[in-house]
Amino acid sequence: PVSVEFSQQLTLIQRKLYSYILTLVPNRAEAEDILQETNLVLCRKAGEYDVNGNFQGWHFEFLVFK
């Protein structure tokens, strides 16, 4: 299960992550799909996150490009 803290961190990082994805994939629809897929992976891996770690750095490791 995803903790409240994890959900809050995930919510806070969305705009920054989307902006980053757009620099790599300028198609907005494709960037939104990548963001959604990445969020799904992150939610599945929520239990692996070290709360003392850098959430943004950890999050960016799981970008899902197809």
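I shall describe the overall fold and then the nonpolar cores.

This is a predicted model, in which local features need pLDDT of at least 70 and side-chain atom pairs count only at pLDDT 80 or more, while totals for chains, interfaces and linings use all residues. Residues are numbered from 1 along each chain as its sequence is written, and side-chain values use heavy atoms, leaving out hydrogens and water.

The chain contains three helices and zero strands; these are DSSP runs numbered from the N terminus, with helices being H or I of at least four residues and strands E of at least two. Along the sequence, the pattern is α-α-α. The C-alpha trace spans about 35 × 15 × 15 Å along its principal axes.

Of the 66 residues, 33% are buried, meaning under 20% relative accessible area with a 1.4 Å probe, protein chains only.

Which residues make up the largest nonpolar core? There are 11: Phe6, Leu10, Ile13, Val41, Leu42, Ala46, Tyr49, Phe55, Trp58, Phe62 and Val64. Such a core is a set of buried Ala, Val, Leu, Ile, Met, Phe, Trp, Tyr and Cys residues joined through side-chain atoms within 4.5 Å. Two or more residues come from each of α1 (4-24), α2 (28-44) and α3 (55-60), and α1 gives the most, with three.

Leaving aside residues up to four places away in sequence, Trp58 touches Phe6, Leu42, Lys45, Ala46 and Tyr49; contact means heavy atoms within 4.5 Å. A second, separate core has eight residues, including Ile21, Val25, Ala31 and Leu35.

Note on methods. Buried means under 20% relative accessible area, exposed over 50%, partly exposed in between (1.4 Å probe, protein chains only).
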